Amino acid sequence: MVTAYIGLGSNLGKRRENLLRAWTRLGRVKGVKLLVLSKPYKSEPVGMESTNWFINAVGCVQTSLQPEELLAEMLAVEASLGRKRNLQGKPEDRSVDLDLLYWGDRVCGNPQLILPHPQIAKRLFVLLPLAAIGPELIHPILNKTSALMLQECMARQAGKPPGPQVQETSWSTENKEVSG
């Protein structure tokens, strides 16, 4: 069994519910054992034009699946929850988005799967929940812990114009408003 970390995000519909459904469905996949799911974080969209804020979380699983198999199962879960992928690769609003962040300490870079996820160290909406559940987890290329990458990301944002907002929230409340 290998420990893997998965980023979860949603900015359409009942965002928290979408993430909890995705997490539950991942747990039903043969060869996947759910370990821990972070608290949710509300964040402004990054790299796309949208007024719909995201709810993001990170989950940790143990799996006997190879990374490509786990990714295929993650994509199937997305599709089962209404995710339609844009074939042009342009970021857009989505009911659920699952990203394989780490699969053990595997490093690979092929067109279908890059491990670890190439944007981990730059995304506060990933680092906050990741550092909460795996502060000592070491990035196999950068050789830095999640906690250190979070500190560095926050330091880069200090003194700059305000960047995307990220706020801790809870699983029990769903805002009536989609943004903000």
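## Pocket, salt bridges and local features of a predicted model

Val107 sits in the loop that runs between β5 (97-103) and β6 (108-110), where helices (H or I, at least four residues) and strands (E, at least two) are DSSP runs numbered from the N terminus. The structure is a predicted model, in which local features need pLDDT of at least 70 and side-chain atom pairs count only at pLDDT 80 or more, while totals for chains, interfaces and linings use all residues. Residues are numbered from 1 along each chain as its sequence is written, and side-chain values use heavy atoms, with hydrogens and water left out.

With a relative accessibility of 46%, Val107 counts as partly exposed; buried means under 20% relative accessible area, exposed over 50%, and partly exposed in between (1.4 Å probe, protein chains only). Together with Ile141 and Leu142, Val107 makes a nonpolar surface patch of about 260 Å². Patches are made of residues with over 30% relative accessible area and no salt bridge, nonpolar side chains (Val, Leu, Ile, Met, Phe, Trp, Tyr) being joined within 5 Å and like charges within 9 Å. Accessible areas come from the Shrake-Rupley method with a 1.4 Å probe, and for residues only the protein chains shown count as cover.

The largest pocket has a volume of about 930 Å³. A pocket is, on a 1 Å grid over the protein atoms alone, an open set of points where a 1.4 Å probe fits, with protein on both sides within 12 Å along at least five of seven lines, and lining residues have an atom within 4 Å of a point. Grid points are joined across faces, edges and corners, and the volume is the space filled by probe spheres set on the points. The lining holds 39 residues, of which Arg85, Asp97, Asp99, His117 and Arg123 lie nearest the centre of the pocket. β5 gives the most to this lining, with five residues, and the elements that each supply at least two residues include β1 (2-10), β4 (54-63) and α2 (67-80). By class, the lining has 19 nonpolar, 11 polar and nine charged residues; Ala, Val, Leu, Ile, Met, Phe, Trp, Tyr, Cys and Pro count as nonpolar, Asp, Glu, Lys and Arg as charged, and the others, Gly among them, as polar.

A search of the whole structure finds six salt bridges, each being a side-chain nitrogen of Lys or Arg within 4 Å of a carboxyl oxygen of Asp or Glu. The table gives some of them.

| Salt bridge | N to O distance |
|---|---|
| Lys39 and Glu168 | 3.1 Å |
| Arg83 and Asp97 | 2.9 Å |
| Glu152 and Lys144 | 2.9 Å |

Salt bridges that share partners also join Glu78, Arg83, Arg94 and Asp97 into one network. Within this group, Arg83 and Asp97 are both buried. By contrast, Glu152 is partly exposed at 27% relative accessibility, as is Lys144 at 26%, and Glu168 is partly exposed with a relative accessible area of 47%.

Two backbone features complete the account. A cis peptide bond, with omega about -10°, joins Leu115 and Pro116, and Pro116 is placed in the loop between β7 and α3. Asn143 has a phi near 55°, a positive value in a residue other than glycine; this residue lies in the loop between α3 and α4 (146-157) and counts as exposed at 62% relative accessibility.
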